[in-house]
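Please keep the sequence and the structure in view while reading.

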Amino acid sequence: RASIASSISSQISIYLPYLSVEGIEVGATSQEIDNNSMIIRITYSIPGDVVQEVFELDLAPETTIGFY
């Protein structure tokens, strides 16, 4: 989980360098990861803006994602 959070942080610094990341949480047990499930929560802000934002991504096998 720490390596996932580190990879996300690295990609944000490359592609969204104007964001100030307050925290990255990867919530998943080993069994959930084996079943391709996890929750990722990124707390961030834009410098100069007092509002703190949260991006949450819930990945679960029941969720259908794709092009139709």
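When the whole structure is searched, two salt bridges are found, a salt bridge being a side-chain nitrogen of Lys or Arg within 4 Å of a carboxyl oxygen of Asp or Glu. The model is a predicted one, in which local features need pLDDT of at least 70 and side-chain atom pairs count only at pLDDT 80 or more, while totals for chains, interfaces and linings use all residues. Residues are numbered from 1 along each chain as its sequence is written, and side-chain values use heavy atoms, with hydrogens and water left out.

## Charged pairs

| Salt bridge | N to O distance |
|---|---|
| Glu25 and Arg41 | 3.7 Å |
| Glu56 and Arg41 | 2.4 Å |

The bridge between Glu56 and Arg41 connects distant parts of the chain, since Glu56 belongs to strand E3 (residues 52-59) and Arg41 to strand E2, 15 residues apart; strands (E, at least two residues) and helices (H or I, at least four) are DSSP runs, numbered from the N terminus. Through shared partners, the salt bridges join Glu25, Arg41 and Glu56 into one network.

Apart from its neighbours within four places in sequence, Thr43 is in contact (heavy atoms within 4.5 Å) with several residues, among them Ser20, Val21, Gln52 and Val54.

In soluble globular proteins, nonpolar side chains tend to be buried together. Here the largest nonpolar core has eight residues, namely Ala5, Ile8, Ile12, Val26, Ala28, Met38, Ile40 and Ile42. Helix H1 (2-15) and strand E2 (38-45) each supply at least two residues of this core. A nonpolar core is a set of buried Ala, Val, Leu, Ile, Met, Phe, Trp, Tyr and Cys residues joined through side-chain atoms within 4.5 Å. One of the core residues, Ile12, touches Pro17, Val21 and Ile42 when residues up to four places away in sequence are not counted.

Notes
Buried < 20%, exposed > 50% of the residue type's maximum accessible area, 1.4 Å probe, protein only.
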